Structures are given as C-alpha cells and as structure tokens.
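Subject: Structure handover

Hello,

The structure is below, with the sequence. My notes on it follow; please read them alongside the coordinates.

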Amino acid sequence: MSKRCVYVTGDRLHEQYRAALIPGFEDVKKAALSAGALSFNISGSGPTVFSFATDHEKQIGEAMVNAFSARGISSTYEVMTVENEGARVIG
C-alpha cells in the first residue's frame, strides 16, 4: 500500500462526518487497503465508496463486499478503468 497515495486522495475535511453514516465504513476501508487498494474514498456524499488500485482489483472488491457482508449489508463491486486520453472531439 502506498501511504503517499492514501494521503493525497484522503478526505480529511468531510470523511469523518460522512463515514459515520455508512455502517461498517472503517472495516471496509481497512479491508480494501489490506487487500492492496491505493486509496479508499466516499463518492460525493455517499453511499457509494470506491478504491483506486493498479492490481488485485478483484480481490479488493471481494474484500470490500465481504466486510460489508460481515455487517449484514448486501453490496456489489465493479472494476472500472481510468480514461487516460481526456476530452476529445468525436465525429
């Protein structure tokens, strides 16, 4: 785990307040980072959470789902890719 990446993407302003509204947040965050995630964040005001990773994406997603499940919360994960080209005109 890259502590630099976690620090750069860490939400020190809002996360402490939003996390309290997501049951199992700390357990899921710990599971994701332990499974190899580079970061763990809340999307907007929630309830979606996400991680950045360069490998082990499936294991990270499964670890997050399992951590939520241990709290009796049903969840799913989806592995997505980052668009590296930026905006462009098509047509």
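A contact here means heavy atoms within 4.5 Å. On that basis, and not counting residues up to four places away in sequence, M64 touches V28, A32, F40, V49 and S51.

Two remarks on provenance. This is a predicted model, in which local features need pLDDT of at least 70 and side-chain atom pairs count only at pLDDT 80 or more, while totals for chains, interfaces and linings use all residues. Residues are numbered from 1 along each chain as its sequence is written, and side-chain values use heavy atoms, with hydrogens and water left out.

Core. A nonpolar core is a set of buried Ala, Val, Leu, Ile, Met, Phe, Trp, Tyr and Cys residues joined through side-chain atoms within 4.5 Å; buried means under 20% relative accessible area, exposed over 50%, and partly exposed in between (1.4 Å probe, protein chains only). The largest such core has 16 residues, and F25, F40, V49 and M64 have the most contacts inside it. Two or more residues come from each of α3 (25-34), β1 and α4. Helices (H or I, at least four residues) and strands (E, at least two) are DSSP runs, numbered from the N terminus.

Strands. β1 (residues 39-42) has S39 and N41 pointing one way and F40 and I42 the other, and all are buried. In a regular strand the side chains alternate between the two faces of the sheet. β1 pairs with β2 (residues 49-52) in the antiparallel sense over 4 bridges; pairing requires at least two DSSP bridges between two strands. The bridge partner of F40 in β2 is S51. N41 counts as buried because its relative accessible area is 7%. The N41 side chain makes a polar contact with the side chain of S39 at 3.2 Å (a pair of N or O atoms within 3.5 Å; within protein, one must be able to donate a hydrogen and the other to accept it, and residues adjacent in sequence count only if both atoms are side-chain atoms).

F50 is partly exposed at 29% relative accessibility, and F52 is partly exposed at 36%.

S75. This residue lies in the segment after α4 (57-70). Leaving aside neighbours within four places in sequence, S75 is in contact with V65 and F68.

Regards
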